[in-house]
Amino acid sequence: MKISSWNVNSLNVRLPRLLAWLNKRQPDIVCLQETKLENARFPAEILKKAGYTSCCYGQKTYNGVAILARDELAVENISCGVPDDCDSQARVIAATVNGVRVVCFYVPNGQALDSEKFEYKMHWCRRVTRYLQETLAENPKLIVAGDFNIAPDDRDVYDPEAWRGQILCSDEERAVFRSWLALGLQDSFRLFEQPAATFSWWDYRQLGFVKNHGLRIDHILLSDALASFCVSSIIDRDERKGEKPSDHAPAMITLHEGF
DNA sequence: ATGGCAATGTTTCATTGA
């Protein structure tokens, strides 16, 4: 089973690429971020024709998340946002797919450490820690996939010295990421030996992709019960190439059958 | 020292992203 996460930076703009990519890679489950679409404008019928059932939690202009699952998979217990939270931004959607709980995240960017947006990011992260704890307690088979807007360590940054202490790389953010792993989750990417300088996001400016000036901020975390079935975890950097790419490339894992 | 790209809607700029 193949599970993927992709920040598409506008599903409206990226739909042709998404459809071509679904056909090429044949993922079973896909977590999308930055759909930037109200639910009424979500292209559910087009995706259905491509063989995917979808659930979405969107809003105009910003944010927006969705989960796609191949038609034959059972999708149950869809939940939008974090329970008992009043966050007006659409950043979390979860569903149980064939008995596996799938949580799709779009973690706030945070802008700069001295900004109000950073306060919001940290508050959001603290609230989500409890949510993950509760979700894991109820769902031993858990996947948490999305745009985390955190580069977990220096290996995930093209120029660690330039980025040290900056947004996406600060000690505070990295501590949050580690605290999530400490709940009983594993960074699937680090279960395997990986090529040096593998990233998931590259700035559109300054030839960021050509120079491989990137960060690894998109992640697929697996609960211990699922991690032992993971046989690969890659970033599909080819998807950053060509006409009208998203600035993020999809992350993708393969789970061996039998979990 | 600065901005450099892309997407969105209140559009022909301002705002956001990372």
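Me: Let's start with strand S8: how many of its 6 residues are buried?
Reply: This is a predicted model, so keep that in mind as we go. A residue counts as buried if 20 or more other C-beta atoms lie within 10 Å of its own. By that test S8 is mostly covered, and the count of buried residues is 6 of 6.

Me: Do S7 and S8 run parallel or antiparallel?
Reply: The two strands are joined by 6 bridges. One spot to look at is Val-103, which stands opposite Val-144 in S8. The direction of S7 and S8 is parallel.

Me: And what stands opposite Val-144 in S12?
Reply: S8 covers residues 142-147 and S12 covers residues 218-223, and they pair in the antiparallel sense over 5 bridges. Ile-143, for instance, stands opposite Leu-222 in S12. For Val-144, the residue opposite is Leu-221.

Me: Which strands stand at the edges of the open sheet of 6 strands?
Reply: Read the order, S5-S6-S7-S8-S12-S9, with mixed pairing. The edge strands each have a single partner, so one side of each is left without a neighbour in the sheet. They are S5 (75-80) and S9 (185-187).

Me: What does the twist average from one strand to the next in that sheet?
Reply: Picture stepping along the order S5-S6-S7-S8-S12-S9. From each strand to the next, the twist averages 20°.

Me: Over to strand S1: which helix makes a β-α-β unit with S1 and S2?
Reply: S1 (residues 2-7) and S2 (residues 29-33) run parallel, joined by 5 bridges. Ile-3 stands opposite Ile-29 in S2, if you want a place to look. The unit is right-handed, and its helix, residues 11-25, is H1.

Me: In S14, which residue is the bridge partner of Ser-4?
Reply: S1 is mostly covered, with 5 of its 6 residues buried. It pairs with S14 (residues 251-255) in the antiparallel sense over 4 bridges. The partner of Ser-4 there is Met-252.

Me: Last one: how many charged residues does the surface near DNA strand B have?
Reply: 22 residues surround DNA strand B, and the closest are Ser-10, Asn-12, Asn-109, Tyr-204 and Arg-205. Sorted by class, there are 6 nonpolar and 9 polar residues, and the charged ones number 7.

Conventions: Residues numbered from 1 in each chain as written. Chains lettered and ligands numbered in written order. Predicted model: local features only at pLDDT ≥ 70, side-chain atom pairs only at ≥ 80, totals over all residues. Near = placed C-beta within 6 Å. Nonpolar A, V, L, I, M, F, W, Y, C, P; charged D, E, K, R; others polar. Pairing = 2+ DSSP bridges. Axes fitted to C-alpha atoms, helices over the stretch in contact; angles between N-to-C directions. Buried ≥ 20, exposed ≤ 12 C-beta atoms within 10 Å, placed from the backbone. Right-handed = clockwise from strand over helix to strand, strands pointing away.
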